[in-house]
Amino acid sequence: MFINLFEKVWAAWEAKLKRDQCIDYDDMLVLAADCVEKQQEESHYQLVMVDEFQDASQARARLIASLLNGPGKCLFAVGDDWQSINRFAGADLAVMTDFEKKFGRAVTLKLETTFRCPQSLCDISSTFVQKNPKQIKKKVRSSKPNVTDPVRIIQVEDENQIRSAVGKRINEISAESPSKGKKIRIYILGRYNKEKIYVPLDYDTSQIEVEFVTVHSSKGLEADHIIIPRVTAETLGFPSRIEDDPVLQLAMPGGDSYEYAEERRLFYVALTRARSSVTLVTLAHKASSFIAELVKDHKLDVYSIDGNEANSELCPVCRDGFLVKKNGRFGLFYGCSRFPRCRHTQKINKS
């Protein structure tokens, strides 16, 4: 059905382009590369400079390569493979990570100093994203003063409490960090636009400036504090479990086999928007595997909406979920929050 529909839409689009004597953006890239490769148009450029190189598609890479044909031509590319989050738009991470295969011998200069995040947050975010062995290895150093608790995890029992948890955290930030004449800027970052509903309706606007942005749209932005309101293990959670249609995969660049590779980079982007702290809000029975990983690797505490320490005991079998209380035919027991992926259960000791 999809192919039949696509064929009709594609034919109509091509007919319109021809009728209006137009080309679209991808046509521009392909036709321009054709011209240069066939020497219909000689490249006179000695230096080609590309920014945001992690977002280059194969079509863009082909055009860049065609402009470099001939002696004495150089390519200067700047990018961060840790922030490659636009595969849906054709970006192919391999253009950057396999740079020398496409463009020949190169000199790599790593920009490893950040002027935004404190070192403690850099350590957490860098460790997280580099779990994927395909990411280029770097050691990020911060020029900013350190903070003791850069990542705070809040666990609520019901999704109706998420907005309250976000509002309470905003009030805490306002009380802990007097603005001294300058408003404290907070971004509420949603994996999806629909998470804008978690922006509280009432907060001290004289002290705090709050804005909702999707994580994809936040790239390049920064704020004093970041709050991510729904870091959960759901189909529309974070990481997202939506899989691309197999037909769409034919038109998209190949990903890599590491689990949730692009979602991991997206989470890294979210963490590193903060100049001071990040707050992650999750649901007790649907905690994201990303939350479990941070707790396991960095011994982070998990708090309830009231500020008390919540249960953060990792499942002893998979180590990717939390033990949560469940009710079965034989009464209460502990089960893994990643059920049915992990079916571990254990009795509750009645001591």
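Modeller: In this predicted model, helix α9 lies across strands β6, β8 and β9, and runs at about 125 degrees to β9. Helix α10 lies across β5, β9 and β10, at about 120 degrees to β9.

The sheet under discussion is open and has six strands in the order β7-β6-β8-β9-β5-β10, with parallel pairing. Its edge strands are β7 (208–214) and β10 (302–303), each of which pairs on one side only. β10 runs parallel to β5, and two bridges join them. Within β10, V302 stands opposite I153.

Next, the helix pair. Two packed helices are described by the angle between their axes and by the distance between those axes. For α9 (residues 261–271) and α10 (residues 289–298), the axes come within 12 Å and cross at roughly 65 degrees. The crossing is right-handed. On the α9 side the contact involves E263, R264 and F267, which meet F290, E293 and L294 of α10. By class, the residues of this contact divide into three nonpolar, three charged and no polar.

Together with I228 and L280, F267 is among the residues with the most contacts inside the largest nonpolar core, which has 41 residues. At least two residues of this core come from each of α6 (119–129), β5 (151–156), β6 (184–190), β8 (223–228), α9, β9 (274–283) and α10. The largest share is that of α9, with six residues. In soluble globular proteins, nonpolar side chains tend to be buried together.

I228 gives a residue-level view of this region. With neighbours within four places in sequence left aside, I228 is in contact with L189, F238, F267, A270, V278, T279, L280 and V281.

Of its 351 residues, 44% count as buried. Among contacts in the chain with a separation of 6 or more, 72% are between residues 24 or more positions apart. The C-alpha atoms fill a box of roughly 80 × 55 × 40 Å, taken along the principal axes.

Note on methods
Residues are numbered from 1 along each chain as its sequence is written. This is a predicted model: local features need pLDDT of at least 70, side-chain atom pairs count only at pLDDT 80 or more; totals for chains, interfaces and linings use all residues. Side-chain values use heavy atoms; hydrogens and water are left out. Axes are lines fitted to C-alpha atoms, for helices over the stretch in contact, and angles run from 0 to 180 degrees between N-to-C directions. Helices (H or I, at least four residues) and strands (E, at least two) are DSSP runs, numbered from the N terminus. A crossing is left-handed if the near helix is turned anticlockwise from the far one by less than a right angle, and right-handed if clockwise. Contact means heavy atoms within 4.5 Å. Ala, Val, Leu, Ile, Met, Phe, Trp, Tyr, Cys and Pro count as nonpolar, Asp, Glu, Lys and Arg as charged, and the others, Gly among them, as polar. A nonpolar core is a set of buried Ala, Val, Leu, Ile, Met, Phe, Trp, Tyr and Cys residues joined through side-chain atoms within 4.5 Å. Buried means under 20% relative accessible area, exposed over 50%, partly exposed in between (1.4 Å probe, protein chains only). Two strands pair if DSSP finds at least two bridges between them.
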